[in-house]
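Here is a short report for a reader meeting this structure for the first time. Please look over the sequence and the model before reading on.

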Amino acid sequence: MDELKRFIRDVPDFPKKGIVFKDITTLLADGRNFHRMIDLMAHRYLGQGIQKVVGVEARGFILGSALAYKLGTGIALVRKPGKLPWKTLQKTYELEYGTDTLEIHIDAFEPGEKVLIADDLLATGGTVAAVVDLVQQLQAEIVECAFLAELEFLQGRKRLPEGKVHSLLQF
């Protein structure tokens with residue numbers, strides 16, 4: 001895991017002063033380690049009957065698509081408002097500096113479908129908590145919320161379903 005961590009670049013003062021941004025584009029650009037990361041993440045979910053992966057805009061699309069391919073499932077996308085072409089369910093949620101809104105197609109899942117929520121980074125947990133709410137409103141069963149990395153000091157997992165959070169790397 002330390003090798004994968006070495007490929008994640010720290011960018012100070014992005015997107016605003018005082019924040020150290022974990023840039024995963026350097027890991028994604030390295031084919032061998034990107035492949036290894038997806039294999040490590042997917043291995044945990046083999047044989048669990050996952051029927052769909054939920055990819056959270058935007059880097060979650062990358063991880064979610066690769067995981068869906070590896071698990072032999074489809075992918076459902078959660079996007080910012082106005083980006084999905086069909087009827088959507090919407091969730092507005094609080095951020096540290098305001099509010100944001102996410103949408104998912106109303107027919108993204110069948111009730112009871114087993115889904116894996118995938119995103120790149122768990123920080124405060126606000127975005128994924130909104131995704132969890134959307135998935136639950138559509139009556140899908142959340143197997144787990146999977147992250148490449150977690151900023152443990154922000155305690156974002158406390159906002160997500162207990163026992164249903166896994167991060168490959170911790171900072």
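## Basis of the model

This is a predicted model, in which local features need pLDDT of at least 70 and side-chain atom pairs count only at pLDDT 80 or more, while totals for chains, interfaces and linings use all residues. Residues are numbered from 1 along each chain as its sequence is written, and side-chain values use heavy atoms, with hydrogens and water left out.

## The whole chain

The chain holds five helices and nine strands. Helices (H or I, at least four residues) and strands (E, at least two) are DSSP runs, numbered from the N terminus. Read from that end, the order is α-β-β-α-α-β-α-β-β-β-β-α-β-β. The radius of gyration is 15 Å, close to the 16 Å that the globule rule gives for 171 residues, so the chain is as compact as a globular protein of that length. That radius is taken over C-alpha atoms, and the rule is 2.2 Å times the number of residues to the power 0.38. The C-alpha trace spans about 40 × 40 × 30 Å along its principal axes.

Of the 171 residues, 43% count as buried. Buried means under 20% relative accessible area, exposed over 50%, and partly exposed in between (1.4 Å probe, protein chains only). Contact means heavy atoms within 4.5 Å. Among contacts between residues at least 6 apart in sequence, 56% join residues at least 24 apart.

## Helix α4

Helix α4 covers residues 59-71, 13 residues in total. From first C-alpha to last, α4 reaches 18 Å, close to the 18 Å expected at 1.5 Å a residue. The expected span is 1.5 Å times one less than the number of residues.

Which residues of α4 are buried? They are Gly 60, Phe 61, Leu 63, Gly 64, Ala 66, Leu 67, Ala 68 and Leu 71. The buried residues of α4 pack against α3 (31-43), β3 (52-56), β4 (74-78), β7 (114-122) and β8 (141-150). Just after α4 comes Gly 72, with a positive phi of about 70 degrees.

## Lys 70

Lys 70 lies in α4. Lys 70 is partly exposed, with a relative accessible area of 38%. Leaving out residues up to four places away in sequence, Lys 70 touches His 35, Ile 38, Asp 39, Ala 42 and Leu 46.

Lys 70 and His 43 are 27 residues apart in sequence. In space, their C-alpha atoms are 8.9 Å apart.
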